[in-house]
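Subject: Structure handover

Hello,

Here is the structure I said I would pass on. My notes on it follow below.

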Amino acid sequence: MKKLYEKNEQAFAIVWIVVYCVLQSLAYPLSKKIGIEYSANAIFCILLTIILFAFIRKNRLQERYGLCKSPVPAHRFLYYVPLIIIATESLWNGVAVNYSLLETFCRIASMLCVGFLEEVIFRGFLFVSIAKENVKSAIIISSVTFGIGHLINLFNGSGMDLAANLCQICFAIAIGFLLVTIFYRGGSLFPCIIAHSAINTLSIFGNKTDITIEKHIIHVLVLVFITVAYNLVLTKTLPKSQWANNNDTKDN
C-alpha cells in the first residue's frame, strides 16, 4: 500500500475508491445472508477505518489530509450552524425508532465510519492528489465523483429507488463542493467528517412515514440552497487556503 502511494498518489486514491465501493456493494447481500441488516457493512467499514487511520498515522500524513485542528477560528465558519441545520434534515419529519436494537447499532457503527472513510478518500486522497497540479479541477472532480458515486445505491441491494437516488446524488454533489471548501480553506477535515457522520447517523432515526416524493424533493431543494449559499459565503470570507499553506510550509 505504501509503495503504491509513493509511486502514484492519484492511483492510490482511485484504488481506495474502488475497494470501498466494491466492499459496500458486497456488504448489503452479505448482511441479508447473515440475517442482520448492515452487519457486514459495519464490519467492513470498521476494518477499513482502522486500516486507513493506521496508514495515515504511521506515515505521519495527518496534516496533509486534514486530521488536525484548523487554525481558522470557528466564528469564521459561522460556528458551522448551516452544517447543523443540514445534518438534522432527516429529523424534520419527526423522530422514530425504525430498526431493532442490534440493527440500529450496526447502522450507527457503519454510518460513523462512512463519514470518516468517504471524507478521507474523496476530500483527502482524491482531492489532494489532483490539487497538486490544479486546485479547481481537484475541487470539481472530487465533488462530482463523490456525488455520482452514490449511483451505487441503485445496484447494491439497499432498496433505494431511482427518484430518491437522483435526489441523493444532487445533494451529494452540492455538499461535496461545500465540504471540500471547508477543508481547503480551513485546513482541517474534522468538521467535514463530523458533519458527514452526523448526516448519515441522524438519518437512521428519521420518521420515514408520509414522506412523498414531492416532499422529498422540496427537502433536497432546501438543502441544496442552504449548502450553496453557505459555500458562497465561505468562499468570500475565508482565507484563500490553509491546506495549501500548511503543505507548502511542510515541503519547504
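Which residues does Leu 52 touch, leaving out those up to four places away in sequence? They are Trp 16, Phe 116, Leu 117, Val 120, Ile 121 and Phe 125. Please keep in mind that this is a predicted model.

The core

Leu 52 belongs to the largest nonpolar core, which has 64 residues. Together with Phe 125 and Ile 182, Leu 52 touches the most other members of that core. Two or more residues come from each of these elements: α2 (9-34), α3 (39-58), α4 (81-87), α5, α6, α7 (162-186), α8 (190-202) and α9 (213-237). The largest share is that of α5, which supplies 16 residues.

The pair α5 and α6

Helix α5 covers residues 101-131 and helix α6 covers residues 135-148. Their axes come within 8 Å of each other and cross at roughly 150 degrees. An angle over 145 degrees counts as roughly antiparallel, and α5 and α6 are therefore roughly antiparallel to each other. Their crossing is right-handed.

On the α5 side, the residues that meet α6 are Glu 118, Phe 122, Arg 123, Leu 126, Phe 127, Ile 130 and Ala 131. On the α6 side, they are Val 135, Ser 137, Ala 138, Ile 139, Ile 141, Ser 142, Thr 145 and Phe 146. Sorted by class, this contact has 10 nonpolar, three polar and two charged residues.

Leu 179 is in helix α7. Its relative accessible area is 2%, so Leu 179 is buried. Not counting residues up to four places away in sequence, Leu 179 touches Leu 83, Glu 119, Arg 123 and Cys 192. One of these, Arg 123, is also among the α5 residues that meet α6. Leu 179 and Leu 83 are 96 residues apart in sequence, while their C-alpha atoms are 9.7 Å apart in space.

Thr 227 is in helix α9. Is Thr 227 buried or exposed? Buried means under 20% relative accessible area, and Thr 227 counts as buried because its relative accessibility is 1%. With residues up to four places away in sequence left out, Thr 227 touches Ile 86, Phe 171, Ala 174, Ile 175 and Leu 178.

A note on methods will come separately.

Regards

Methods: Residues are numbered from 1 along each chain as its sequence is written. This is a predicted model: local features need pLDDT of at least 70, side-chain atom pairs count only at pLDDT 80 or more; totals for chains, interfaces and linings use all residues. Side-chain values use heavy atoms; hydrogens and water are left out. Axes are lines fitted to C-alpha atoms, for helices over the stretch in contact, and angles run from 0 to 180 degrees between N-to-C directions. Helices (H or I, at least four residues) and strands (E, at least two) are DSSP runs, numbered from the N terminus. Angles under 35 degrees count as roughly parallel, over 145 as roughly antiparallel, 65 to 115 as roughly perpendicular and the rest as oblique. A crossing is left-handed if the near helix is turned anticlockwise from the far one by less than a right angle, and right-handed if clockwise. Contact means heavy atoms within 4.5 Å. Ala, Val, Leu, Ile, Met, Phe, Trp, Tyr, Cys and Pro count as nonpolar, Asp, Glu, Lys and Arg as charged, and the others, Gly among them, as polar. A nonpolar core is a set of buried Ala, Val, Leu, Ile, Met, Phe, Trp, Tyr and Cys residues joined through side-chain atoms within 4.5 Å. Buried means under 20% relative accessible area, exposed over 50%, partly exposed in between (1.4 Å probe, protein chains only).
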